[in-house]
Amino acid sequence: MLRFIGKRILWMIPLLFGVTLMVFLILHLTPGDPAALILGDAADQQTIEMLRHEMGLDRPLPVQYLDFVWKAVRGDLGTSIHSKRPVVSELRSRLPATLELACTALTLAVMIGITVGIVSAVKRYSAFDHAMMLTTLVFASMPSFWLGLILMLVFSVQLGWLPAVGRGGFVHLILPAVTLAATPAALIARLTRSSMLDVVEEDYIRTAHAKGLSEEVVIWRHALKNAMIPIITVIGIQFGGMMGGSVVIESVFAWPGVGKLMVDSILTKNYPVVQGGLLMMAVIVSLINLAVDVTYGLLDPRIRYE
Amino acid sequence: MDKPLLEVRNLKTCFYTEDGVVPAIEDVSFSLGKGETIGIVGESGSGKSVTALSVMRLIPYPPGKIECGEIIFKGENLLAKRMDEMRRIRGNDIAMIFQEPMTSLNPVLTVGQQIAEAIQLHQQLGREDARDKAVSMLKSVGIPSPQRRVDDYPHQMSGGMRQRVMIAMALSCNPELLIADEPTTALDVTVQAQILELMMALKDDLGASVMLITHDLGVIAETADRVIVMYAGKVMENAGVKELFRRPAHPYTVGLLGSIPNLDEDRARLQSIDGIVPSPFDMPKGCRFHPRCSLAMDICRNEEPGFVSIADGHDVRCWKYA
């Protein structure tokens, strides 16, 4: 197991090279000049050239890339063009907000999704099942920014129960977390239902019933653990998506997380922050995937890591 | 004779499918004395397994439903029991062994956990005691180093070993009735005999009765006291095992017996029964076997035969004897 984890971490190195290279190329080959953006419309060409030189932007691309990678390996992701603060500390100050939002949303999505999925499967074709399958279909297909705006309109603007924007205590967390959790919860619920329905057809479930076990024990002890394997995959993917994809939600709710930072940085071509942020996201998503793979082994003894 | 342990009377189980209501078994009656072994034989789709699952009340509902009849176990009608009463009987008084040892054990729980949970449930033993009992059950079914194997997962065992585990699980609460649904069909021939022998030896130790479902008449000859022959959801013949092999009455039984190879006889070809089991959606009128029966008469095509007793304890559903 430890060897497997070690090997997987080593594999992350070429992966991260690929990610950095792609991000670097996309940022540098798309039109738009950060120096021009910083200086504004009034600046003349000479001033812009000077700033470009100062920022090292006039060097050949391979040199700039290797410089970035070399520094990144030593934990230096450069300096934000606008705030002049190190990118690492920019990210570090934003990460807790994103983690807080993503973890809350994930917990919500998993709890609601799995419960709804199990109840739907157990009470297949019941009114509850039909209602839930329709509801989850709606949530799974709804754009999250739209849901966020609707929730904001109802609960903040009209009812005035919850704050619409910003980060603070628990009350600030509710709307963005619910919004971010809606689609994953719906997907997890639908998958849990179908996975459970597959599993309850299995012979060993019949064996469990033949032992005289109660329905609850059969579902929770015998069926769920088997049904969890595909569900864990989706939870992992969703969590990765939440970490990176909370970009939209963070913008809607003005949540001061990494996603919001990234959007602002992309708009201002603050490429050191974008590069650093994407690198960090890639590391986090890889680690989540690793955690998912390790969880498989904990759930299913037939999976061994060679 | 003492009061039978199990008496099934006029059992009818249907499945409600999109294409209509299908009776899987109809008018099934038999009884099983204490310590006795009854063999239920028939082709696939004859209703053997549905009969077994009906006794356990494990017919999945929907689509299946026991329509009518009585299942009297120790003087009480199981069909009148509530589900929680039924759960106290399952695994405790009546236990079941299934056909596929590969898929009948839960892949994510150790065999020890799976044996122990029935013990914990029915015998109110603690976790440690139940585990000790599981180890001794594994030992009694002949699993080497049970102390170690108790923590194995099913995939770490061979098919024969897993079926031993199933037997250990089924017998762990000393059931009075053991239902074995084709317990050896999925196993290697060499292992089949071992498993059967083991099952019957343990059954004798416990004094349990056995309902053995199989399509293998050889197995029946070796183990059963009585035999019921099922065809297309109905019991066609019911007789003591010696009587059945000596004087098979129903043309279907005769056909089944004729299809067994016999080394003592110099026969060029095995007999086969022409045709196939009728679809439950399209049951022939009259006797269900008549389209495949070489002796079919006019009456067989129009009217369904009832049971006729042709000897003491030997009943047959055939117009030939009416």
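**Chain B against chain A, and a surface patch**

Reader: How many residue pairs are in polar contact across the interface of chain B and chain A?
Author: In this predicted model, the rule finds 12 residue pairs in polar contact across the interface of chain B and chain A, counting pairs with both residues at pLDDT 80 or more.

Reader: Which elements of chain B give two or more residues to that side?
Author: On the side of chain B that touches chain A, the elements giving two or more residues are helix 1 (48-56), strand 6 (94-97), helix 3 (101-104), helix 4 (111-123) and helix 7 (159-171) of chain B. The largest share, 6 residues, comes from helix 4 of chain B, and by class this side of chain B has 15 nonpolar, 8 polar and 4 charged residues.

Reader: And how many salt bridges between the two chains?
Author: The count between chain B and chain A is 2 salt bridges; one of them joins the side chains of B:Glu117 and A:Arg221, at 2.7 Å from N to O.

Reader: What area is buried, and how many residues does each chain give?
Author: About 2000 Å² is buried between chain B and chain A, with carbon and sulfur atoms giving 60% of that area, while the contact takes 27 residues from chain B and 19 residues from chain A.

Reader: Changing topic, which element gives the largest share of the nonpolar patch?
Author: Helix 7 of chain A, residues 144-158, gives the largest share of the nonpolar patch, 7 residues. The patch lies on the surface, has about 930 Å² of accessible area together, and includes A:Trp146, A:Trp161 and A:Val248.

Reader: Where is A:Phe145 found?
Author: A:Phe145, which is also among the patch residues, is found in helix 7 of chain A.

Note on methods. Residues numbered from 1 in each chain as written. Chains lettered and ligands numbered in written order. Predicted model: local features only at pLDDT ≥ 70, side-chain atom pairs only at ≥ 80, totals over all residues. Heavy atoms only, no water. Contact = heavy atoms within 4.5 Å. Buried area = accessible area lost by both parts, 1.4 Å probe. Salt bridge = Lys/Arg side-chain N within 4 Å of Asp/Glu carboxyl O. Polar contact = N/O pair within 3.5 Å; in protein donor to acceptor, adjacent residues only side chain to side chain. Helix = DSSP H or I, 4+ residues; strand = E, 2+ residues; numbered from the N terminus. Nonpolar A, V, L, I, M, F, W, Y, C, P; charged D, E, K, R; others polar. Patch = residues over 30% accessible without salt bridge, like charges linked within 9 Å, V, L, I, M, F, W, Y side chains within 5 Å. Areas by Shrake-Rupley, 256 points an atom, 1.4 Å probe, with all protein chains shown as cover.
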